Amino acid sequence: MEQVAPLAANVRDAESVVVLTGAGISTESGIPDFRSDSGIWSRFDPEDFHYRRFRNDPAGFWEDRVELHKTMFGDGIKPNPAHDALRELAEGSYLHALVTQNTDGLHESAAATSAELIELHGNAHHVVCDSCGRRTNAGPVRERVESGARAPRCRDCDGIFKPDVVLFGEQLGKNDLQRARKLSREADVFLAIGSSLSVEPAASLPRIAERNNATTAVVNFDETTFSAVADFDIRGNVTNVLPALCEEVTD
Ligand SMILES: [Zn+2]
């Protein structure tokens with residue numbers, strides 16, 4: 001934690017601070033991760049959530065999707081002290097942009113500030129019509145599925161609603177990805193939080209920032225693929241480190 005004070009000084013002096021968050025910040029809100037031994041993919045088959053299945057068997061897909069949603073988010077989820085610290089930094093205009101790999105929507109309160117929010121993998125609380133692109137809340141759609149509706153359809157065009165997340169077999173949103181890369185190039189400080197940085201595009205964003213002379217930091221419980229390169233490599237629980245950082249910055 002002795003690295004927190006000098007990192008905070010960098011954050012305070014920077015014009016552009018970009019944060020990338022991964023599953024490690026969500027697990028502290030009780031959301032299971034995907035790949036560990038007790039993770040989501042130990043209980044569900046990833047193939048059931050492939051875009052191909054959504055197209056071929058939307059009713060079956062949606063039945064499984066409702067179960068997955070319940071397993072991930074239970075009766076409701078709340079931001080934890082790490083989310084709160086990021087929101088506070090954003091409110092103080094210390095945070096320029098927040099890029100997340102998470103679909104839980106827990107950074108939405110930070111998005112109410114001047115900070116830009118990019119949800120690379122989408123947002124599980126929304127659905128999007130696969131035909132006309134209309135977006136709406138996922139809650140009522142899940143309720144329709146639970147009360148026996150087959151694949152839920154868009155009332156505008158009769159297309160089928162898809163969770164507004166990037167499914168297996170789908171590409172990430174091109175605009176989001178380009179925007180995230182540009183922000184990473186222009187960042188003075190790049191913080192990677194709660195991500196192992198092992199999958200694209202998360203893996204390359206801190207490297208883009210580093211090549212463009214940003215100060216880089218990793219906050220994660222375990223070593224990451226970028227830890228040896230980062231200017232600051234802080235190992236610890238994000239719910240301890242982020243509030244401490246926020247306090248140093250805003251003090
Ligand atoms: Zn539609």
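This is a predicted model: local features need pLDDT of at least 70, side-chain atom pairs count only at pLDDT 80 or more; totals for chains, interfaces and linings use all residues.

User: Which kind of peptide bond joins Glu-200 and Pro-201?

Analyst: Most peptide bonds are trans. Look at omega between Glu-200 and Pro-201: the angle is about 0°. The bond is cis.

User: Leu-197 has a positive phi; is Leu-197 buried or exposed?

Analyst: Most residues other than glycine have a negative phi. Leu-197 has a phi near 60° and is found in the loop between E7 and H10. Buried means under 20% relative accessible area, exposed over 50%, and partly exposed in between (1.4 Å probe, protein chains only). With a relative accessible area of 0%, Leu-197 is buried.

User: Asn-213 also has a positive phi; is Asn-213 buried or exposed?

Analyst: Asn-213 is not a glycine, yet its phi is about 70°. Its place is in the loop between H10 and strand E8 (215–220). At 69% relative accessibility, Asn-213 is exposed.

User: Which geometry does the site of the zinc ion have?

Analyst: Donors are N, O and S atoms within 2.8 Å of the metal (3.2 Å for Na, K and Ca); water is not among the atoms, so sites may look incomplete. Here the protein donors are the SG atoms of Cys-129, Cys-132, Cys-154 and Cys-157, 2.3 to 2.4 Å from the zinc ion. Four donors count as tetrahedral if all angles lie between 85 and 135 degrees; four count as square planar and six as octahedral if opposite donors are over 155 degrees apart and all others between 65 and 115; anything else is irregular. The angles among the four donor atoms are 95 to 115°, and the site is tetrahedral.

User: How many residues apart are Cys-132 and Cys-157?

Analyst: Along the chain, the zinc donors follow the spacing C-x2-C-x21-C-x2-C. Cys-132 is in the loop between strand E4 (122–129) and strand E5 (135–137), and Cys-157 is in the loop between helix H8 (138–146) and strand E6 (161–165); this pair links distant parts of the chain, and its separation is 25 residues.

User: What is the closest N and O distance between Asp-84 and Arg-87?

Analyst: A salt bridge is a side-chain nitrogen of Lys or Arg within 4 Å of a carboxyl oxygen of Asp or Glu. Residues three or four places apart in an α-helix point the same way, because there are 3.6 residues a turn. Asp-84 and Arg-87 are three residues apart in helix H6 (residues 81–91), about one helical turn. They form a salt bridge with a closest N and O distance of 3.5 Å.

User: Lys-162 forms a salt bridge with Glu-170; is Lys-162 buried or exposed?

Analyst: The closest N and O atoms of this bridge are 3.0 Å apart. Glu-170 is partly exposed at 25% relative accessibility. Lys-162 has 6%, so it counts as buried.

User: Which class of aromatic pair do Phe-54 and Phe-61 form?

Analyst: Rings of Phe, Tyr and Trp (its six-membered ring) pair if their centres lie within 6.5 Å; planes under 30 degrees apart count as stacked, over 60 as edge-to-face and the rest as tilted. By this rule there are eight aromatic pairs. One of them, Trp-41 with Phe-168, is tilted, at 5.5 Å centre to centre and 50° between the planes. Phe-54 and Phe-61 have centres 5.3 Å apart and planes at 75°, so their pair is edge-to-face.

User: What does helix H5 reach from its first C-alpha to its last?

Analyst: The expected span of a helix is 1.5 Å times one less than its number of residues. H5 (residues 58–73) has 16 residues, and 22 Å is expected. Its buried residues include Phe-61, Trp-62 and Leu-68. From first C-alpha to last, H5 reaches 22 Å.

Methods: Residues are numbered from 1 along each chain as its sequence is written. Side-chain values use heavy atoms; hydrogens and water are left out. Helices (H or I, at least four residues) and strands (E, at least two) are DSSP runs, numbered from the N terminus.
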